[in-house]
Amino acid sequence: MICVTVFQEVDTALLKLYAEVNAPELEAFIAAGEITVDVRDCCEWLEKSKCFHALALLHRHAQDHDKALKVWAKIIKGEYEDDSFHGLEFFVECLAK
């Protein structure tokens, strides 16, 4: 149990650091699929940091596809701005999966 907690703390800290410095590695870090983060804490951090695409990716990683799609829909509608979002084709691919 201690090992899982340590990994979660390290992964959570890494995600926050990537978001803070606007690192291109943020998306790859989340997409790797082997992260164990505090999802609630990281979601709050990503939203505060305006990393909306990464927020949607984290929701998808946490199997909360509805929340992920809602965030991407807000980016598409212009309610959120995030240049790292891959566009409408990416959104459609996610819908198809």
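Ground rules first. I'm on a predicted model, where local features need pLDDT of at least 70 and side-chain atom pairs count only at pLDDT 80 or more, while totals for chains, interfaces and linings use all residues. Numbering runs from 1 along each chain as its sequence is written, and side-chain values use heavy atoms, leaving out hydrogens and water.

**α5 and α6.** I looked up the axes of α5 (residues 65-77) and α6 (residues 88-96): they come within 11 Å and cross at roughly 155°. Axes here are lines fitted to C-alpha atoms, for helices over the stretch in contact, with angles from 0 to 180 degrees between N-to-C directions. Helices are DSSP runs (H or I, at least four residues), numbered from the N terminus. For contact (heavy atoms within 4.5 Å), I find Leu69, Trp72, Ala73 and Ile76 of α5 meeting Leu88, Phe90, Phe91, Cys94 and Leu95 of α6.

**Ile75.** I then checked Ile75, which also sits in α5. Beyond its neighbours within four places in sequence, Ile75 touches Phe52, His53, Tyr80, Asp82 and Phe85. I also looked at Asp38: 37 residues from Ile75 in sequence, 24 Å away C-alpha to C-alpha.

**α3 and α4.** Next I took α3 (residues 39-48) and α4 (residues 52-61), which pack at about 160° with axes 8 Å apart. That makes this pair roughly antiparallel. On the α3 side I noted Val39, Cys42, Cys43, Leu46 and Glu47, and on α4 Phe52, Ala54, Leu55, Leu58 and His59.

Technical notes:
Helices (H or I, at least four residues) and strands (E, at least two) are DSSP runs, numbered from the N terminus. Angles under 35 degrees count as roughly parallel, over 145 as roughly antiparallel, 65 to 115 as roughly perpendicular and the rest as oblique.
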